[in-house]
Each structure stands twice: as C-alpha cells, then as structure tokens.
Amino acid sequence: MRLSRYLLLLIALPLASARGEGSTPDIDPWEPMNRNIFAFNETLDKYALRPVAKGYRFVMPDPAERGVSNFITNIYEFNSFFNSLLQGRGENALVSGGRFLINSSFGLFGLFDVATPMGIEHSPADFGQTLFVWGFEQGPYLMLPIIGPRTVRSGVGYVVDTYASIPSLIDDPEIAYSFWTVEAIDIRANLLEADELVFGDRYIFIRNAYLQRRATFLNGGIVEDTFSDYGDEADYEEF
C-alpha cells in the first residue's frame with residue numbers, strides 16, 4: 001500500500017499541473033474506470049464499512065464518539081499548521097498550531113476540544129489546498145479504491161498529508177494503521193445519516209457533491225459553480 005501511494009504521487013503530480021492550451025477540460029474523462037472502482041467501493045461499504053460503522057455507532061456513547069472525532073481532528077491540526085505556512089497564511093498557521101497545543105495539553109491529547117470555546121476556531125488546511133495556492137490545476141476527477149472521491153490534485157495532497165501526519169512520522173506501522181482504521185470507521189459513522197440524502201445516479205451525485213464541497217473549501221467557504229469551467233451541464237442539472 002505504501003508503494004502504491006508513492007507511485008500515485010509520482011504519476012499524479014505532473015498531471016495536476018497539466019492542461020492543454022485552448023482545450024476544454026473534461027470533469028471526468030476516466031468515468032468508466034472510476035465507475036468500476038466506485039462499484040467496488042460500494043460493495044465494500046455494503047458488506048464491511050457500513051455494518052462496522054453502524055456497530056461502532058451503536059456501542060459507542062455519544063461523548064466517547066465525539067472524543068474520537070476530536071482526537072482525529074486534533075492530529076490533523078499538525079498538518080494544517082504546516083500547510084498554512086506553505087500557503088503563506090501565517091495567521092491560520094498560528095490558529096492551527098495554537099489549537100494543537102491547547103487541545104493536546106488541556107484537552108487530554110485532543111479528546112476534548114478546549115480551543116473552540118476559547119474562540120480559537122478550527123481552520124483546516126491540507127496539501128491539496130497548498131497545491132491549489134501554488135497554482136497547480138486540479139486535474140480530472142478520480143475515484144480511488146477505499147479512499148473514495150478525489151481529484152488528481154487532492155489525491156496527491158492526500159498522499160502527502162498521510163505520510164506527513166503524526167501517525168506516519170512516528171514510524172510504527174501498527175500505530176499508523178490502527179489510527180487510519182479508526183479514522184475510516186469514524187468518518188463512515190459520521191456519514192450514516194447522509195446516506196438518506198443521496199438520490200438518482202449515486203456515482204454522479206457523490207462526484208458532484210464532492211467537487212462542490214471541495215471547491216467551497218478551497219475558496220474559503222465561498223460557494224461557486226464548480227462546473228462552469230467544464231461544460232458538464234447535463235450532469236450538473238442532474239445533481
């Protein structure tokens with residue numbers, strides 16, 4: 001798995017900045033492949049991830065579940081700090097660094113979010129956003145096995161953030177994979193209610209929802225027409 005992610009990084013980084021002059025980019029040129037991977041992910045979710053997430057939700061008291069989510073969020077404040085620095089956003093870096101120090105100490109390693117009540121709001125940043133600030137194009141939409149929807153740029157960012165995160169830097173595979181497993185279960189548990197909101201073609205719905213959410217994140221919470229550069233009006237209307 002480690003080798004495959006490095007290969008993805010080496011292959012995808014040049015693609016993230018590539019765009020032919022005068023051409024109209026296609027939002028999803030790899031749709032047949034992406035749909036096959038999506039079908040695999042749906043099967044895995046149906047028989048493994050969703051049942052585990054439902055069991056996790058059933059046995060975990062709400063305060064404990066919030067504590068796990070807080071702990072995971074706090075771990076990635078470390079990434080947000082360095083990505084904010086790379087983006088030249090010093091104030092955001094101070095916020096993320098401050099949250100990490102406060103929640104790691106007074107919040108019992110991040111199980112409790114002490115910083116937010118103090119007025120230090122969460123200001124996430126990832127390496128995909130860093131590439132965006134540096135001028136890299138987002139590249140085509142990409143469905144990854146298990147990981148789920150990405151663009152080439154955000155996929156590269158995911159690889160970098162994963163191996164620049166605290167669990168990976170500890171250099172203990174058991175700790176790292178245990179953390180990523182709990183993270184995956186926690187994310188899936190938090191999405192259980194969202195299952196009821198998906199309608200129509202699930203692939204297109206999830207693709208468009210991801211691209212819109214990602215565009216909003218990159219633009220600092222400003223909602224923009226994600227598809228205006230792609231001419232993909234039919235899919236946008238269905239969404």
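Analyst: Helix α6, residues 152-163, has twelve residues. From its first C-alpha to its last it reaches 17 Å, close to the 16 Å expected at 1.5 Å a residue. The model is a predicted one. Ten of the twelve residues of α6 are buried, so this helix is largely enclosed by the rest of the structure; buried here means under 20% relative accessible area. The buried positions are V152, R153, S154, G155, V156, G157, V159, D161, T162 and Y163.

For the chain as a whole, 39% of the 239 residues count as buried.

The chain has ten helices and two strands, and along the sequence they follow the pattern α-α-α-α-α-β-β-α-α-α-α-α. Among contacts with a separation of 6 or more, 71% come from residues 24 or more positions apart.

Helix α2 (residues 31-59) packs against helix α8 (residues 173-190) at an angle of about 85°, with the axes 8 Å apart. Angles of 65 to 115 degrees count as roughly perpendicular, and α2 and α8 are therefore roughly perpendicular to each other. On the α2 side the contact is made by D45, L49, R50, V52, A53, Y56 and R57, and on the α8 side by I185, D186, R188, A189 and N190. By class, this contact of α2 with α8 has six nonpolar, one polar and five charged residues.

Note on methods
Residues are numbered from 1 along each chain as its sequence is written. This is a predicted model: local features need pLDDT of at least 70, side-chain atom pairs count only at pLDDT 80 or more; totals for chains, interfaces and linings use all residues. Side-chain values use heavy atoms; hydrogens and water are left out. Axes are lines fitted to C-alpha atoms, for helices over the stretch in contact, and angles run from 0 to 180 degrees between N-to-C directions. Helices (H or I, at least four residues) and strands (E, at least two) are DSSP runs, numbered from the N terminus. Angles under 35 degrees count as roughly parallel, over 145 as roughly antiparallel, 65 to 115 as roughly perpendicular and the rest as oblique. Contact means heavy atoms within 4.5 Å. Ala, Val, Leu, Ile, Met, Phe, Trp, Tyr, Cys and Pro count as nonpolar, Asp, Glu, Lys and Arg as charged, and the others, Gly among them, as polar. Buried means under 20% relative accessible area, exposed over 50%, partly exposed in between (1.4 Å probe, protein chains only). The expected span of a helix is 1.5 Å times one less than its number of residues.
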